[in-house]
Amino acid sequence: MAKKQNPYKAVAVGKALALATLKRRAQAIEKRQRVLAKAKIKVEPTARNEPTKAPVTHASMGVLIAEGDSWFDYPFHDILSDLEDSYGFDVESAAHRGDTVEDMAYSDGQLDDFSRRVEKVLRTGVEPRAILLSGGGNDVAGDEFAMLLNHAMSSIAGLNQSIVTGVVDQRIRDAYVTILSAITEICKAHLGHPVPIVIHGYDYPVPDGRGFLGGWGPFPGPWLEPGFRRKGYSQMSKRRQICVELIDRFNTMLAGLAGISPFGHVRFLDLRNTLATGSTYKTWWANELHPTSKGFDAVTKKFVGVV
């Protein structure tokens, strides 16, 4: 019998990671202040103080802080660049393409980088409008994807429900709870209260074998087609059906986190059916996992509606 997951254990882990991060950052802040004092530069209030909430010195729709994967850090065009260039937000980003949610939650330096971004914003006297968090695609796509599938010729063809449950509903969910808890504690330490956090699911991909700039060779991708091919799925209709089921599972898991205690400040953004998957899908999807510029524009518009 599978071990029952304790939803509060990940919260405790997140708080412990946040505490360790804040201790490291406190030392870094003190070092920064000593350097500035020695240089006889006026030391501004530290990030631990309540910001003045003064307006930024230039026109802006507000400041956002982001942590995430390639939907936030993609060559030439992504959600964050669109939020700045098309909608007038200022964005401080700790996002890095290729990161998994587990990387964001547990890897050394990830939370420190996020906390550093918070401190940088607060030094301007401005409170961030929201935190944006993007992740999960890299946890299931790529080399690991085939493990989610039963063979097409087997009597149990389709997603392997046991493995999907373990990966999506346990492993990825646990990492999300951990990082949401850590981000919340870091913001509370600096501001005295949580900052709204926006999490999002992905739209339904088309597993047609296209990677970045064509994939193969030195370029990343494809991320889905090789797994389908390995497990005997040649029909695109069946591949798409499985992708829909997997994306729905992921979105359901994320939606179940938003708004529940202790995440009343977390908002879930549903991006399904934002990008076309019909005959014109290539104008919306640049490859199996990433939108085109037109696609990113459509996705970003939905972000603007919730921040």
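Select strand β1, residues 63-67: β1 pairs with β2 in the parallel sense over four bridges. Helices (H or I, at least four residues) and strands (E, at least two) are DSSP runs, numbered from the N terminus, and two strands pair if DSSP finds at least two bridges between them. The model is predicted: local features need pLDDT of at least 70, side-chain atom pairs count only at pLDDT 80 or more, and totals for chains, interfaces and linings use all residues. Residues are numbered from 1 along each chain as its sequence is written, and side-chain values use heavy atoms, with hydrogens and water left out.

Within this pairing, L64 stands opposite V91 of β2. Now extend the selection to the open sheet of five strands, whose order is β2-β1-β3-β6-β7 with parallel pairing. At its edges are β2 (90-93) and β7 (266-269), each of which pairs on one side only. From one strand to the next, the twist averages 25°.

Next, display helix α4 (residues 110-122), which lies across β1, β2 and β3 (130-133) and runs at about 175° to β1. Axes are lines fitted to C-alpha atoms, for helices over the stretch in contact (heavy atoms within 4.5 Å), and angles run from 0 to 180 degrees between N-to-C directions.

Move to helix α9 (residues 293-304). Buried here (under 20% relative accessible area, 1.4 Å probe, protein chains only) are G295, F296, V299, T300 and F303. Seen down the axis of α9, these buried residues fall within an arc of 130°, so they line one face of the helix; the arc is that of the directions from the helix axis to the C-beta atoms. Their cover includes α2 (79-85), β3, β6 (197-200) and β7.

Centre the view on I172 in helix α6 (residues 161-191). I172 is buried, with a relative accessible area of 1%. Not counting residues up to four places away in sequence, I172 touches V101, G136, D139, V140, V167, F250 and M253.

Finally, select the aromatic rings. Rings of Phe, Tyr and Trp (its six-membered ring) pair if their centres lie within 6.5 Å; planes under 30 degrees apart count as stacked, over 60 as edge-to-face and the rest as tilted. The whole structure holds eight aromatic pairs. One of them, F145 with F228, is edge-to-face, at 5.0 Å centre to centre and 70° between the planes. F145 lies in the loop between α5 (137-140) and β4 (149-150) and F228 in helix α7 (residues 225-230), so the pair ties together parts that are 83 residues apart in sequence.

Conventions:
Buried < 20%, exposed > 50% of the residue type's maximum accessible area, 1.4 Å probe, protein only.
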